[in-house]
Amino acid sequence: TCPVGVTSQKEELRKKFPGTPEHVVNFFMFVAEEIRELMAHLGYTKFEDLIGRADLLTTDSAQIDRVAKTKGVSLDGFFSGIPDSKDNREFLRASPEDGGVAKDDVVHINRGSSDLDREICNNADVKNAIEQNSGETAVSFNIKNTDRSTCAMLAGDIARKYGNQGLEGNLNINFFGSAGQSFGAFVLPGLKVRLTGEANDYVGKGMHGGEIVVLPEADAGFVAADSSIVGNACLYGATGGDFHANGRAGERFCVRNSGAYAVCEGTGDHCCEYMTGGVVVALGTVGRNVGAGMTGGIGYFYDEDGRFDERVNGEIVKTQRIVTSAGELQLKNIIERHFEKTGSEKAEAILDNWKEEVGKFWQVYPPSEAQSAVVADTIVGETVKVSARAPSQDLCYLPVGASLNADQTTRCAD
């Protein structure tokens, strides 16, 4: 799906793409310069002076008529009733109760990086855990939606010292609140991130290992399985790790996932788009276009309303019920792990009536997985992977037809 290697993890494909990071930097320099020219043409030098200026917008009839589906569209309603903000700019100031000062003076704005990320990296227990590289460490923080890319800086500190898989201990980071975009970005093996609350888009972006768990507060007052708890494009480009969300995800869940094992309780459109590896389990309804461009990995979808088949993009992937013992074993163990991590009522209900509920699942797979043990009973003695990575950093496998023994329970389901 990316013949020149853009966003690819394969070196042989990357070599086909002649671009460099400097080209990207230069591109945005040109974008900025063009914006300056356009603003100068309008007679403005600051973005702030353009905020709210709907009077500068006009309808472009040529553009409306250029596309057949927009012909006949009238934007008069959009422009009517908009207050004149050319001279009255009071809306850019805080309310009198807050002193009537510029909003920038009272609204929290992160600068070069998240204040929370710096607080985490400077925490004495966290610094000691990275330095000692052993044992278990647990710390807790409150989080708000202006805290973006939380844990990315921490992952960078670990990677600079030990590489992508060198953290021997376990760092348990607990958060409480509403996380901003890209929560848990680039999490590495040894990092266990748990959020009680909710998160915005891009949770687990570029995740390489470790664990991310998102669940609602105990007194949230809503049914978790029916409510969105994470945003769009979660696990974009993830290469490993385990993800559990006790609630629904937005659109493009696991887009370009190439190794993460992820569970949520339903998704929006385009689930598993361009996926090349890993496993996705959705315990609720999903939107349209499932599996578009999917060339690797496995998806399991709980079909509550009997309409799943019409939501699949069948250009590449195929669907079937759970027909192999290995597939059933993989699915059940992942759902059990989800219940252990989140306390999901939906997962518990499915597990309590497993013999009947397993028949409601569809398995989605591309041609590259057609002969794998979880899809076809054609390979004798192959092992089945139930977790992206165990805490020991070893791949976590179960023999086909087997159950978790005590050691595997500790490594894979703790």
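Me: Which residues of α5 meet which residues of α7?

Reply: Good place to start! In this predicted model, Asp117, Arg118, Ile120 and Cys121 are the α5 side of the meeting, and Ala152, Met153, Leu154 and Asp157 are the α7 side. Sorted by residue class, the contact of α5 with α7 has five nonpolar, no polar and three charged residues.

Me: How should I describe the way α5 and α7 cross?

Reply: Picture a line through each helix and look at the angle. The axes of α5 (residues 115-122) and α7 (residues 152-162) come within 8 Å and cross at roughly 40°. Because of that angle, α5 counts as oblique to α7.

Me: I see cysteines here. What is a disulfide, in general?

Reply: It is a covalent bond that joins the sulfur atoms of two cysteines. To find one in a model, look for two cysteine sulfur atoms within 2.5 Å. Here the count comes to zero disulfides. Take Cys151: the nearest cysteine sulfur belongs to Cys121 and is 8.6 Å away. For Cys264, the nearest cysteine sulfur is that of Cys271, 6.2 Å away.

Me: Is Cys151 buried or exposed? And Cys264, buried or exposed?

Reply: Relative accessibility tells you, and under 20% means buried. Cys151 has 0%, so Cys151 counts as buried. Cys264 also has 0% and therefore counts as buried.

Me: What percentage of the protein chain's residues count as buried?

Reply: Of its 414 residues, 46% do. The protein chain as a whole has eleven helices and twelve strands. It exposes about 21,200 Å², and carbon and sulfur atoms supply 50% of that area.

Key
Residues are numbered from 1 along each chain as its sequence is written. This is a predicted model: local features need pLDDT of at least 70, side-chain atom pairs count only at pLDDT 80 or more; totals for chains, interfaces and linings use all residues. Side-chain values use heavy atoms; hydrogens and water are left out. Helices (H or I, at least four residues) and strands (E, at least two) are DSSP runs, numbered from the N terminus. Buried means under 20% relative accessible area, exposed over 50%, partly exposed in between (1.4 Å probe, protein chains only). Accessible areas come from the Shrake-Rupley method with a 1.4 Å probe; for residues, only the protein chains shown count as cover. Axes are lines fitted to C-alpha atoms, for helices over the stretch in contact, and angles run from 0 to 180 degrees between N-to-C directions. Angles under 35 degrees count as roughly parallel, over 145 as roughly antiparallel, 65 to 115 as roughly perpendicular and the rest as oblique. Contact means heavy atoms within 4.5 Å. Ala, Val, Leu, Ile, Met, Phe, Trp, Tyr, Cys and Pro count as nonpolar, Asp, Glu, Lys and Arg as charged, and the others, Gly among them, as polar.
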